[in-house]
Amino acid sequence: MITDFRYRGASLAKKLFITLMIAIMLIYVVLIIYPLFNMVISSFKTNRAILSKPFALPDSLDFKNFKTVWIDKGFSRYFLNSIFVTGVAMAFVILFGSMAAYGIARYTYKANTLVYMVFLSGIMLPLKAAIIPLFLLIKKMGLINSQLSIIMIFMAMGIPSTVFILSGFMKSIPIELEYAARIDGCNDFSIYRRIVMPMVAPAIALVTIYNSVPIWNDFFFPLIFLQSNAIKTLPVGLSTFFGQHSTNWSLLFTGLTIAILPMLILYLFMSKYFIKGMTAGAVK
Amino acid sequence: MDHDCLQQGTAMNQRTLIKTSWILLFITPALLVVGVFILLPLFMTLFNSLFSWNQLIRNEFIGLENFRRLLTMYPYSERFLNALQNNGTWFISTMLIQNSLGLLLGYLLSRNIPGAQAFKRIFFIPVLFSIVAVGFLWGIYLKPTGLLNNFLDLIGLDNLKRAWLGAEQLATPSLIMVNIWRWVGFPTLVFLAAIDGVPQECLEAAYLEGVSEWKLFWKIIFPLIIPAITIITVLTVIGSLNVFEQVYTMTGLDGAPNYSTDTIGTLFYRTAFGSVDAGSPEIGIGSAIGLIIYLLTFAISLVSIFFTKRKEVQL
């Protein structure tokens, strides 16, 4: 496009400007990549090597640290716990969220706007501020130190934005399709299930990423509700691990690498979806 | 005739009934979850803040006494104002540094600067990582013997070496910089999407007219992306008031050194689950802080929306 910043045909001042901007962006790229690279190489080094030669490459690729952290320090457990908690919470977020979005977008009734506002307020209200009543509630339910507690809280975290995003998409599906299905004998649930849901599949992918990244990364609620090591999720497990080995940098870098690398690899393959999904709430 | 009407009437009623039950079936599960875990706690926070508490037992109604103690009594008032001030620093620095940088980067990407596609993907990488992992990672790098000081040594700037997280003046700015490192990619891509949404003909026409770059940005693009700026501002408000993990992982729950990195989030946690100066949980005062977080989030978001709405233009 003619408005593109290109070197060809640009004035000298503009060429200088473009070069300066590219330089700034390259510096930021190095600022992102080098700390991550250093984290990975440090996990192969000994403590002494990290302190004395912090920029040097490791002498050998010894996976001993990884084995220690993954098996002896329980990271495999934390990992599975995170997958389980995120998976179950997300399944319900998508199910309940899409149903509510359908109930708001495809029917006209008096309380329609009110229900929509309730979900919208759920996006605005910071859930962390509610931790005291949540704690008392979960305690009363006898769910302290049970993964069910955070699964339910994660559901509450994810549902409002899911309703918000999906109802927008569902409103744009032509009503004629619904009439046709009704004549063919479909009831409301099978219209939701067989007509509307398949048509909003791309939006489902969007909200899945939008919600599962923060749920996977959440630290605050598991910190409060999960106490025994066997049920902790990855971020809290990482925190416990840091408390126990605060001076063993070599092991700490390995723990961080294990916590960060899977997300990075997933992102390399699906960056387009991650970018679209994560910004879905802010970009209309 | 009458009979017909009646039958039609009951048929209508029946259909309304069926429709209502379908609607209820669809919205009830989600409404229940949001009601129990979001709305109920909001009202309970308000309710709890009006009572005196003995550990986890609710005692008597004391009106606004908790708020009075929080705002006027030592050590609560001092800690609270200190924390609030730090949250203010977080908000202002994030707006000025992170969001302006995001706007600049988003703009450059929208103009397809050479390498734009690769830059876009790389900038977004840290956004995906958990704040906890990022906090712990930089916590190590910013130690006196960590990577940053080693790097300053390496390039001969060893007189710039500092105890980044150990000095009262530097600790909060260091935390903010780490957070910006993680988060810049987000406003960048939101602004990029907003600028891409500006009709291309507008830009091309202005460009061919010979409008200067400076004017092109401030007079044409900027007014048209005000909605994106509103959203980013509101998200920054919410994010700044909820700072917790960054402090927890890098300088600890007490906001070391000497409470210089304390925020409402960490103070709230200590009040609710430990105590401000070591002791038992204080549910009453904690609820008062919780309620203030709600009110601040709500009020500042409204102001930001109002403020930017006035400047919004429609094409």
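1. Let me start with the overall dimensions of chain A. Its radius of gyration is 24 Å, whereas a compact globule of 284 residues would come out near 19 Å. Please keep in mind while reading on that this is a predicted model. Along the principal axes, the C-alpha trace of chain A covers about 75 × 70 × 35 Å.

2. The secondary structure of chain A is simple to describe. There are 13 helices and 0 strands, and reading from the N terminus the order of elements is α-α-α-α-α-α-α-α-α-α-α-α-α. As for burial, 41% of the 284 residues of chain A count as buried.

3. Chain A is assigned domain 1 (12-65) and domain 2 (73-244).

4. Where the domains of chain B touch, domain 1 supplies 4 residues and domain 2 supplies 6 residues. On the domain 1 side of that contact, the residues are 2 nonpolar and 2 polar, with no charged ones.

5. Now to the pairing of the chains. In the model, 72 residues of chain B are in contact with 74 residues of chain A. On the chain B side, helix H1 (residues 2-48) gives the largest share, with 17 residues. Sorted by class, the side of chain B that touches chain A holds 52 nonpolar, 15 polar and 5 charged residues. A word of context on such counts: the size of an interface is often expressed as the accessible area lost when the parts come together.

6. A few backbone details in chain B deserve a look. As background, most peptide bonds are trans, and most residues other than glycine have a negative phi. Against that, the bond joining B:Tyr74 and B:Pro75 is cis, with omega about 0 degrees. B:Pro75 sits in the loop between helix H2 (65-72) and helix H3 (76-110) of chain B.

7. A cis peptide bond also runs from B:Ala256 to B:Pro257, with omega near -10 degrees. Here the proline, B:Pro257, lies in the loop between helix H12 (245-250) and helix H13 (264-273) of chain B. I would open this loop in the viewer, as the next two points concern it too.

8. Which residue in the loop between H12 and H13 of chain B is B:Asn258's entry about? B:Asn258 is placed in that loop and has a positive phi of about 50 degrees although it is not a glycine. B:Asn258 counts as exposed because it has 11 C-beta neighbours inside 10 Å, and the cut-off for exposed is 12 or fewer.

9. Finally, B:Tyr259 is found in the loop between H12 and H13 of chain B as well. B:Tyr259 is not a glycine, yet its phi is positive, about 60 degrees. Is B:Tyr259 buried, exposed or partly exposed? With 18 other C-beta atoms within 10 Å, B:Tyr259 is partly exposed, since a buried residue needs 20 or more and an exposed one has 12 or fewer.

Conventions: Residues numbered from 1 in each chain as written. Chains lettered and ligands numbered in written order. Predicted model: local features only at pLDDT ≥ 70, side-chain atom pairs only at ≥ 80, totals over all residues. Contact = placed C-beta atoms within 7 Å. Helix = DSSP H or I, 4+ residues; strand = E, 2+ residues; numbered from the N terminus. Nonpolar A, V, L, I, M, F, W, Y, C, P; charged D, E, K, R; others polar. Domains from an automatic or database assignment. Rg over C-alpha atoms; globule rule 2.2 N^0.38 Å.
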